[in-house]
Amino acid sequence: MPQISFIQAINQAIAEEMERDPLTFLMGEDVVLGAFGATKGLIDKFGAKRVRNTPISEAGFVGAAVGAAMAGTRPICEVEFASFFYCAFDQICNQAAKLRYMSGGQATMPITFRAVFGAMGGAAAQHSETVYAQFLSVPGLKLVIPSGPSDMKGLLKSAIRDNNPVIVFEHGALGWSREDVPAGEHLVPLGKAAVKRPGDNVTVVAIGAMVPKAMSVAEKLEKEKISVEVIDPRTLIPLDEDAILASVEKTNRIVIADEGHLRGGAAADLAAIVADKGFDFLDAPVRRVTSLDVPIPFSPPLEKAAIADEARIEAAIRAVVGR
Amino acid sequence: MDISKDKLLEMYRTMQKIRLFESKARDLAMAAEIPGFVHVSIGEEASATGVCAALRKTDRITSNHRGHGHLIAKGGRLDRMMAEIFGKRTGYCKGKGGSMHIVDYSLGILGANGIVGAGLPIATGSALGAVIAGKDDVTVAFFGDGASNEGTFHESLNLAAVWKLPVVFVCENNGFGEFTPMATVTSVKDIAVRAKAYDIPGHIVDGNDVLEVFRFTSEAVARARAGEGPTLLECKTYRWEGHVVGEQAFLGDGSYREKSEVEEWKRKCPLIRFEKWCAESGKISSAELKKIIADTEKELADAVEFARSSELPAPSEVTDDVYNNT
Ligand SMILES: Cc1ncc(C[n+]2csc(CCOP(=O)(O)OP(=O)(O)O)c2C)c(N)n1
Ligand SMILES: [Mg+2]
């Protein structure tokens, strides 16, 4: 199996899906040059008709993706940094998400939105935010957060083939991470969690870049005979509740680690589900490890203080296992 | 228009400050002494300078991601700016903003901004605020050619036009938005013609000629102050450096513009042009200009020293300033 990076995985997934379906096309700011690599070279393979640089006009081109989907094509629409989704909120939340339902099932919205999110070192509040929670309460959208190259490729391919609006959030700090990725047809279904590491004493549900962090904490605690099961939900909508609840049934303890905020965040949502449906399994309170409820600051020591990290995951695990 | 000698000296000093500050910021970012994204406007100094020279202290500006020049031209202190891009507590934003987000309300600097096009509605609202408060202050919005494709540009021009707000929209057209040539994503050759759609004056300005920028802005500001409404100025210019410092690392040999184009614009350097004008007009001696350079180098060296020796914020400061608790 070839080792590729997160960014190469994106590139391969898009190239393969565009190869497969002539109505799949790519649009976004600077996708032709693809400076960061995710879309590099696609212009040479697919030409200017299907690889389109947009003006800097998110409300306009995100909405154009909605219209293109309604016209029967399959747009892949890149919005550079996920905070720029705010500039296109209406087209995503009022239009893409709702029009199928509001038209009594007439509209089909096979759109994949992609954007980089998360803290990556001094990018400050308008380029570092974790924004999927804002979309969690918008029925009609699917939310995908890959934690490594292999899932990135398999999930993105599934997202592109999905007949609904799917937002794929790509953590900026994972860009150069590498791992073995199956060549050729490699699909990861939306709505299926991954058990990244089996364990008996505590479940850690980790999202996005929290997955590698949780894995390193689990490895460390293994030496102290604290056995940590790490679960990556991979998609927040649809959500593999069964996988999470089955794990809690086994370990009776759960920590949820997310880089988003505490209030109204993805971790809050998952915690509520576990409290609701897994209460009888629990021997300890559900713990959330999140970033602080502040805009992500620029200065490195402040950013470090704001962002959820290994130390906080470890402390939460120790708190629930009592060791 | 006769421009006083003091004004001329001030404009040259401002351009030198921007050039030297940003050259230093670029070098420090390349050396990884400062974190984050740093966008410099080297080659574009005349537009920030000429525009702000036509403003008074109580006038306000909004800026964008390429904002050091605007802030310096509106009176921003080099030491506190440098400290901010170092992420230090003594910086303008206590280290919370960084290069893309420097603010000094006391100087009417409503802020650099990481969101393209975000400054235009804010400037429009600042002008509205002046009207409501019964003040004759003017607000300038600085933005790029790329930002003129955002809805916020169009909505702001329309709103400012119908309410006749005292705002001047200054587009710094450097021909690119990131790595995309303007012509491939913009329906017009000149951004200034977009003013027609909103029935306001629009002017194409040589953005590398600080005197021309000053004249056009003075006129637009006078109009705005007199209650006659907004103006759109398009300063044609060019950035010599990359979109973002360090872009060579990820662009590799991928290039988006010709070297010869960059060289051609370097020959139109706004500082050299002003120096030549001084020599030809006999208004300012080269000794006076040299003294300004020496003073500015000293001011910059002190600013870097101040930034380096300042403390980083303490982790506990992370929760300060989210809300106003007074
Ligand atoms: C809403 C939004 N979209 C995209 C970006 C990414 N971005 C940052 S600068 C830039 C180019 C801006 O071009 P222009 O307005 O011409 O200013 P210039 O950089 O040329 O000075 C882009 C696309 C952003 N910061 N905000
Ligand atoms: Mg530009």
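Analyst: A residue is near a molecule if its C-beta atom, placed from the backbone, lies within 6 Å of that molecule. In this predicted model, 21 residues surround ligand 1.

User: Which residues of that shell are the closest to ligand 1?

Analyst: The closest are B:V116, B:G144, B:G146, B:A147 and B:G177. Ligand 1 itself lies between chains A and B.

User: How is the shell around ligand 1 divided by class?

Analyst: The shell has eight nonpolar, seven polar and six charged residues. Gly counts as polar under the classes used.

User: What makes residues of chain A and chain B count as being in contact?

Analyst: The criterion is that the C-beta atoms of two residues lie within 7 Å. By that criterion, 28 residues of chain A are in contact with 36 residues of chain B. On the chain A side, α3 (58-70) and α11 (300-306) give two or more residues. The most comes from α11(A), with five residues. By class, this side of chain A divides into 17 nonpolar, nine polar and two charged residues.

User: How do you know that chain A has two domains, and where are they?

Analyst: The division comes from an automatic or database domain assignment, which gives domain 1 (3-180) and domain 2 (194-321) of chain A. Their C-alpha centres lie 26 Å apart. Between them, 24 residues of domain 1 of chain A are in contact with 25 residues of domain 2 of chain A.

User: Which elements supply the side of domain 1 of chain A that touches domain 2 of chain A?

Analyst: At least two residues each come from α6 (133-136), β6 (142-144), α7 (149-161) and β7 (166-171) of chain A. The largest share, three residues, is that of β6(A). This side of domain 1 of chain A comprises 15 nonpolar, six polar and three charged residues.

User: Why is chain A called as compact as a globular protein of its length?

Analyst: The secondary structure of chain A comes to 12 helices and 14 strands. For its 323 residues the globule rule gives 20 Å, and the radius of gyration of chain A is 19 Å; the value is close to the rule, so chain A is as compact as a globular protein of that length. The C-alpha trace of chain A spans about 60 × 40 × 40 Å along its principal axes, and buried residues make up 57% of the chain.

User: Why is A:D30 counted as buried?

Analyst: The threshold is 20 or more other C-beta atoms within 10 Å. A:D30 has 21 C-beta neighbours inside 10 Å and therefore counts as buried. A:D30 is placed in the loop between β2 (24-28) and α2 (42-50) of chain A, and has a positive phi of about 60 degrees although it is not a glycine.

User: What makes B:K94 buried?

Analyst: B:K94 has 20 other C-beta atoms within 10 Å; a count of 20 or more is what the term requires, so B:K94 is buried. B:K94 is found in the loop between α4 (78-85) and α5 (119-133) of chain B. Its phi is positive, about 55 degrees, although B:K94 is not a glycine.

User: What kind of peptide bond joins A:I237 and A:P238, and what is its omega?

Analyst: The bond is cis, with omega about -5 degrees. A:P238 lies in the loop between β12 (235-237) and α9 (241-251) of chain A.

Methods. Residues are numbered from 1 along each chain as its sequence is written. Chains are lettered from A and ligands numbered from 1 in the order in which they are written. This is a predicted model: local features need pLDDT of at least 70, side-chain atom pairs count only at pLDDT 80 or more; totals for chains, interfaces and linings use all residues. Helices (H or I, at least four residues) and strands (E, at least two) are DSSP runs, numbered from the N terminus. A residue is buried if 20 or more other C-beta atoms lie within 10 Å of its own, exposed if 12 or fewer, and partly exposed in between; C-beta atoms are placed from the backbone. The radius of gyration is taken over C-alpha atoms; the globule rule is 2.2 Å times the number of residues to the power 0.38.
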